[in-house]
Amino acid sequence: MSARNRMAGAAVLATAVWVAAFGQKATVSPIHFSYRAIAFRLDSCETDRRHAPETMAGGVAVFDFNNDGYLDIFFANGADIQTLKKTSAKYSNRLFQNDGKGNFKDVTERAGLAGAGYDTGVAIGDYDNDGFEDIFVGGVHGNRLYHNNGNGSFTDVTEKAGIATKPDPQYGPLWSVGGAWLDVNNDGRLDLFVVNYLAWNIQTEPACEAAPGRLDYCHPKFYKATPNQLFLNNGDGTFRDVSAESGIRAHPGKGMGIGVADFDLDGWMDIFVANDKVYNSFFHNKGDGTFEETAFRAGVALAEDGNFISGMGVDARDVDNDGYPDIALVALDNETFPIFRNLGKGKFADITASSRMAALSAPMAGYSPNLGDFDNDGWKDLFVSRGHVQSLGYSLQAPVEQPNTVFRNAGGAKFEALTERAGFGAQRAARHRGSAIGDLNSDGRLDVVVSALNAPGEVWINDSPGGNHWIDFRLEGTRSNRDAIGARIKVTAGGKTQYNEVNFASGYASSSAGPVHFGLGSAASASLVEIRWPSGTVQELKDVSGDRVVSVKEPAR
């Protein structure tokens with residue numbers, strides 16, 4: 001029996017079990033996941049003092065570190081909150097190698113990735129174009145860059161590369177919640193954008209009471225904003241901090257999520273940053289090495305009601321198949337999960353209400369959104385890891401521990417919420433944080449990996465029913481930008497056209513670095529595939545059969 005048939009059988013079995021449990025009249029969920037344990041526990045060193053970093057840990061990466069064709073998993077972990085050092089093995093970052101069937105082996109020690117500091121986020125990218133994915137790890141007052149040696153091990157090259165964290169002369173030590181790799185100047189070398197959060201100092205941190213004599217995490221208003229950073233790749237393994245000269249440093253915020261894409265299709269990648277209880281930032285790439293902050297003009301500085309929200313993670317992809325990358329971000333209960341529809345020419349419209357997301361998400365607290373076609377019907381759905389920022393026992397209208405949710409796109413960015421029906425029952429409620437997606441068992445369905453504070457990591461295997469077809473693209477630049485980050489793919493199948501970009505930044509503090517995925521619905525092949533490479537080269541493929549990963553190299557010019 002083929003792997004695909006085995007998985008189809010598992011999906012039928014999962015559906016049968018669900019119907020038996022909830023009754024024969026229950027509607028079969030079009031998207032369904034099954035839980036699988038993984039030997040990782042996120043430890044943020046949570047204390048009764050409630051230091052801010054304790055509730056913010058937990059980035060996840062899904063990527064192929066050894067080029068065997070199977071997606072592996074990396075978890076960022078905390079440290080001793082007083083020293084910001086990993087004083088115990090329980091704080092180790094962890095790398096898990098995939099055997100190709102969705103089973104994972106801990107290879108952290110051999111890889112040299114246990115880490116040293118209080119780590120929050122992770123960004124994947126091949127910064128030196130040697131064909132192996134490297135790892136940036138953002139943390140509290142300390143970032144790390146790990147070079148992939150190509151033999152299963154990594155080397156810490158932070159100092160050598162020139163991205164070692166130094167206290168900012170104006171803002172003090174910086175706290176990064178992750179970053180994104182992108183080529184900002186189209187020179188074929190990946191540059192690094194680092195998202196920084198609050199100005200935090202354990203010695204001067206305010207104490208906030210949730211009730212008399214009971215401390216909890218403070219509102220972001222008690223902390224100063226800090227600037228994000230941009231490091232330009234010199235091409236020799238080193239980077240230059242161009243935060244000031246690029247215009248990035250002039251706009252401090254309280255960043256928690258990043259979406260990168262060529263939003264206006266002018267050939268230059270732009271940057272959206274979700275901020276916590278302040279205006280969001282939108283950095284438009286002017287193509288001359290500088291960025292213009294245009295969040296208000298673009299219509300993404302605030303949600304439609306004009307209120308500040310707890311902007312968490314971000315994903316930026318085309319949700320309505322009109323060819324323009326849109327923006328999805330999440331926030332806390334009563335703040336909704338905003339969706340900004342890209343109108344082109346640097347303008348966006350808030351469609352949170354019309355997409356049904358406003359009503360569906362209002363009672364929820366979200367951390368990490370991932371856009372992907374989980375039922376392979378040709379429309380990108382939205383997975384959200386859920387959980388509140390406050391500590392356990394905090395009195396809220398919404399519970400602190402929450403199950404995850406997938407919002408199914410029923411077509412044209414009209415969503416329905418699937419929680420229990422999708423397999424995310426109340427028994428898996430937690431303070432979820434980072435999340436990343438990718439096909440972990442090579443069955444053509446996007447799976448999900450999630451972290452949760454002081455709880456086991458979660459692997460959710462997609463066993464959705466139905467026989468929809470799919471196609472994935474693994475792109476390789478031939479001269480530079482081997483990851484082809486920024487490449488735009490257009491797929492036409494069964495009379496429907498859809499778009500996606502090579503973009504590894506997604507969710508909160510996380511990175512989804514697998515092949516670019518398309519669901520084809522009932523179509524067994526794509527009649528036309530158009531790839532617009534970052535170099536400007538346009539390549540066409542015709543009558544491409546589906547249900548496989550297609551490797552494509554950039555054509556020589």
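Is Asp322 buried, partly exposed or exposed? In this predicted model, Asp322 is partly exposed at 27% relative accessibility, where buried means under 20% relative accessible area, exposed over 50% and partly exposed in between (1.4 Å probe, protein chains only). The model is predicted, and local features need pLDDT of at least 70, side-chain atom pairs count only at pLDDT 80 or more, and totals for chains, interfaces and linings use all residues. Residues are numbered from 1 along each chain as its sequence is written, and side-chain values use heavy atoms, with hydrogens and water left out.

The structure holds 20 salt bridges, a salt bridge being a side-chain nitrogen of Lys or Arg within 4 Å of a carboxyl oxygen of Asp or Glu. In one of them, Asp322 pairs with Arg341, with 3.4 Å between the closest N and O atoms. Arg341 lies in strand S22 (residues 339-344) and Asp322 in the loop between strand S20 (314-317) and strand S21 (326-329), so the pair ties together parts that are 19 residues apart in sequence. Strands (E, at least two residues) and helices (H or I, at least four) are DSSP runs, numbered from the N terminus. Arg341 is partly exposed, at 29%. A salt bridge also links Arg50 to Glu46 (3.6 Å, N to O); Arg50 is buried, with a relative accessible area of 14%, whereas Glu46 is partly exposed at 24%.

Pockets were found on a 1 Å grid over the protein atoms alone, as open sets of points where a 1.4 Å probe fits, with protein on both sides within 12 Å along at least five of seven lines; lining residues have an atom within 4 Å of a point. Grid points are joined across faces, edges and corners, and a volume is the space filled by probe spheres set on the points. The lining of the largest pocket comprises 45 residues, with Phe473, Arg474, Ala513, Gly514 and Pro515 nearest its centre. S31 gives the most to this lining, six residues. By class, 17 residues of the lining are nonpolar, 13 polar and 15 charged; Ala, Val, Leu, Ile, Met, Phe, Trp, Tyr, Cys and Pro count as nonpolar, Asp, Glu, Lys and Arg as charged, and the others, Gly among them, as polar.

The second largest pocket has a volume of about 460 Å³. Cys218, His219, Pro220, Val389 and Gln390 are the closest to its centre among the 26 residues that line the second largest pocket.
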